[in-house]
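Have the viewer open while you read.

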Amino acid sequence: MRYQPILLIVLISSFAFAESPTTSSPTWKKLTLSDKFYCEGANFADFNKDGKVDVVSGPWWYEGPDFTKKHEIYKPTGNQEAGSYKADNDYSDNFFAFVYDFNNDSFPDVLVYGFPGKDARVYLNPGKDKIDQNWEMKLVFDQVDNESPQFADLDGDGKPEGIFHSKDTLGYATIDWKDPLKQWTYHPISPKGGWQRFTHGYGIGDVNGDGRMDILEAHDWWEQPADANAKEWIKHPFNFAGGGAQMYVYDVDGDGKNDVITSIAAHGWGLAWYRQIKNDKGEIAFEKNVIMDDKGNANAQGIRFSQLHAIDFIDINGDGLKDIVTGKRWMAHGSHGDAEPMAAPVLYWFELKRTAGKVEWIGHQIDDNSGVGTQVVAGDINGDKTPDIVVGNKKGTFVFLSQPSATKTASAK
């Protein structure tokens, strides 16, 4: 399964650092779509094909561009029926939402990963003429484990796979695109190893630069072998974190080698990037670089917040370098038991800068009353070619529209 990776790798002669162009930080317009707890993740697509991007959050989708009109996708049940989850002791059955046209009818459908250890289900968009009716649901997988599952192209064929582990093995699930709504096929890449449904931290990326996507989890990265029929992938032990959020692979420092970005503890503290180096045997190893420490101390900017349970990774300010979008998951397990569960649910982006041979991550607060769920999604929602952010969690559903600076002092090198 070879392909050309889409990850941005900046190759610099003599391993010099690329300087970051100087740009201004965007401001943000906050839209509150709901103050009810329906889900732990939301997403966006043009569901009614009117040329305006809409938002999906739990059992509803909201019409863009102002998101004031909502439509029911499926019938809410239990506490969700009245939008009255009890945040202190309730959980959603909708942890992650992804959008994709599964049946190739040109209308985006919605993939939902439910509560950890539960099923994956696809809600089929009925089309513009039937947009107000409930969407047909298809169960496509029985047990999605991990609290950072993803839906992305693992094998480079241009179509996504389910990226998660299941039933005590690491792996991924492929889709038969001739019949995409039948049960997905799970491919374990490891022997059984003590992973359970509430395990945190999972991601994909080409760690070693061989053109094949690897799988990462909190304590190892698993190299995809050249032999597509190999029963197991190659395990490379490394303790990235205790178990954080989504894990990303990216050349942070511009030295031509891909590094790893993740939060350290989903219900504790910490955010870090791991610079790829060589050990004394010439093997790939990593050097930990702290953005926020795992003790709850304020960083050099005075920033501190806990429970970084979701991360997205995207170029926010248009300087050609990808940035971190994250925040605090508020009351993840209720009002007790985690690090500062009742503290302000902040939302941040951390700007990657390369200056005078050094890497910096500059934190910018977006909001202090929303945070993240188990998912946070960034992308262009209003069509101005700059990334916006959508959040669904116990605080409600929110859209943050970036208001980019009118000028940039330099272009990306």
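What follows looks at one serine and then at the cores.

This is a predicted model, where local features need pLDDT of at least 70, side-chain atom pairs count only at pLDDT 80 or more, and totals for chains, interfaces and linings use all residues. Numbering starts from 1 along each chain as its sequence is written, and side-chain values use heavy atoms, with hydrogens and water left out.

Start with Ser263, which sits in strand β19 (residues 259–263); strands are DSSP E runs of at least two residues, numbered from the N terminus. Ser263 counts as buried because its relative accessibility is 0%, the cut-off being under 20% relative accessible area with a 1.4 Å probe, protein chains only.

| Backbone atom | Distance to Ser263 side chain |
|---|---|
| Ala245 nitrogen | 3.0 Å |
| Leu308 oxygen | 2.8 Å |

Counting contacts as heavy atoms within 4.5 Å, and skipping residues up to four places away in sequence, Ser263 also touches Gly270, Leu271 and Ile311, among others.

Leu271 turns up again in the largest nonpolar core, which has 21 residues, as one of those with the most contacts inside it, alongside Phe350 and Trp361 among others. Such a core is a set of buried Ala, Val, Leu, Ile, Met, Phe, Trp, Tyr and Cys residues joined through side-chain atoms within 4.5 Å. Strand β24 (347–355) is among the elements giving two or more residues, and its 3 residues are the largest share. Apart from this core lies another, of 18 residues, including Val122 and Phe141.

Terms used
Helices (H or I, at least four residues) and strands (E, at least two) are DSSP runs, numbered from the N terminus. Buried means under 20% relative accessible area, exposed over 50%, partly exposed in between (1.4 Å probe, protein chains only). A polar contact is a pair of N or O atoms within 3.5 Å; within protein, one must be able to donate a hydrogen and the other to accept it, and residues adjacent in sequence count only if both atoms are side-chain atoms.
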